[in-house]
Amino acid sequence: MKRLRQVLNSVQTGSGKTINQIAAGAKIFNEDIIKSTRNPYHKEGGIFILKGNLAPDGAVVKQSAISKRNVRFKGKAKVFNSEEEAMGAIMGKKIKKGDCVVIRYEGPRGGPGMREMLGPTAAIAGLGLGEDVALITDGRFSGGTRGISVGHISPEAASGGLLAIVKAGDEIIIDLKRRSIDVKLSQSQINERFASWKEPEPKVKVGYLARYARMVSSASEGAILK
């Protein structure tokens with residue numbers, strides 16, 4: 001946040017002014033369209049950052065698209081190692097109320113490139129399960145996402161994040177009030193699973209994408225090349 005304030009105060013835009021200088025001179029002509037801080041649309045922002053044992057470096061959820069009755073979700077994991085696997089299960093009607101769809105190895109390194117997971121969330125909503133099924137992933141979402149959809153889980157599975165050892169049937173808890181996302185596993189269970197986990201072979205082994213996968217940072221650091 002300190003760095004952001006420095007940027008807003010010091011970095012010139014194409015106008016020759018900083019962002020804060022532009023904002024200071026702005027006028028709101030219609031507060032039905034652009035709300036002031038005195039009369040906001042919502043008391044909180046539309047996006048929350050969640051943390052927990054599944055995402056010690058953070059995950060992102062669009063809380064404004066979640067029903068108030070789903071402030072806390074608890075469900076059993078259905079685990080998929082790619083978007084295609086998940087879509088096959090969703091369209092095959094293998095996902096039921098109370099499930100938590102886990103899509104991993106779709107992060108910056110695992111993708112590689114962090115594909116957008118809007119397809120699976122749209123399919124879940126289309127089947128009428130939008131308020132009864134959660135979806136969590138180390139991939140990303142677009143602004144059109146709705147329902148209990150948590151993305152950008154960091155560290156990602158391909159980098160040895162806890163998402164990599166989640167198994168079918170594990171209990172996943174997403175709590176918006178506590179800003180938390182956890183899998184119900186003891187430390188001994190976690191240690192045992194990681195002892196047998198092996199990093200998967202990269203999906204792309206030559207060319208620019210292979211280089212990207214080797215050098216890209218976590219989503220929590222902007223998914224930039226190191």
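Here is a short chat about ring pairs, charges over rings and pockets in this predicted model.

Trainee: Why is the pair of Phe194 and Trp197 called edge-to-face?

Mentor: Take the distance to begin with: the ring centres are 6.3 Å apart, and rings pair if their centres lie within 6.5 Å. Then the angle: the planes stand at 90 degrees, and over 60 counts as edge-to-face. So Phe194 and Trp197 are an edge-to-face pair. The count of aromatic pairs here comes to one.

Trainee: What makes Phe194 partly exposed?

Mentor: Its relative accessible area is 29%. Buried means under 20% and exposed means over 50%, with partly exposed in between, so Phe194 is partly exposed. Trp197, at 23%, counts as partly exposed too.

Trainee: How do you know that Arg179 lies over the face of Phe48?

Mentor: Arg179 is 3.6 Å from the ring centre of Phe48, and the cut-off is within 6 Å, along with a limit of within 35 degrees of the ring normal. Lys35 also lies over a ring face, that of Tyr41, at 5.2 Å from the ring centre.

Trainee: What classes of residue make up the lining of the largest pocket?

Mentor: Four are nonpolar, four polar and four charged. Phe48 and Arg179 are both in that lining, along with others including His42 and Leu176. Phe counts as nonpolar and Arg as charged. The space in this pocket is about 310 Å³.

Trainee: And which residues lie nearest the centre of the second largest pocket?

Mentor: Arg109, Pro200, Glu201, Pro202 and Lys203, out of 15 lining residues. By class, that lining has eight nonpolar, one polar and six charged.

Methods
Residues are numbered from 1 along each chain as its sequence is written. This is a predicted model: local features need pLDDT of at least 70, side-chain atom pairs count only at pLDDT 80 or more; totals for chains, interfaces and linings use all residues. Side-chain values use heavy atoms; hydrogens and water are left out. Rings of Phe, Tyr and Trp (its six-membered ring) pair if their centres lie within 6.5 Å; planes under 30 degrees apart count as stacked, over 60 as edge-to-face and the rest as tilted. Buried means under 20% relative accessible area, exposed over 50%, partly exposed in between (1.4 Å probe, protein chains only). On a 1 Å grid over the protein atoms alone, a cavity is a set of points where a 1.4 Å probe fits but cannot get out, and a pocket is an open set with protein on both sides within 12 Å along at least five of seven lines; lining residues have an atom within 4 Å of a point. Grid points are joined across faces, edges and corners, and a volume is the space filled by probe spheres set on the points.
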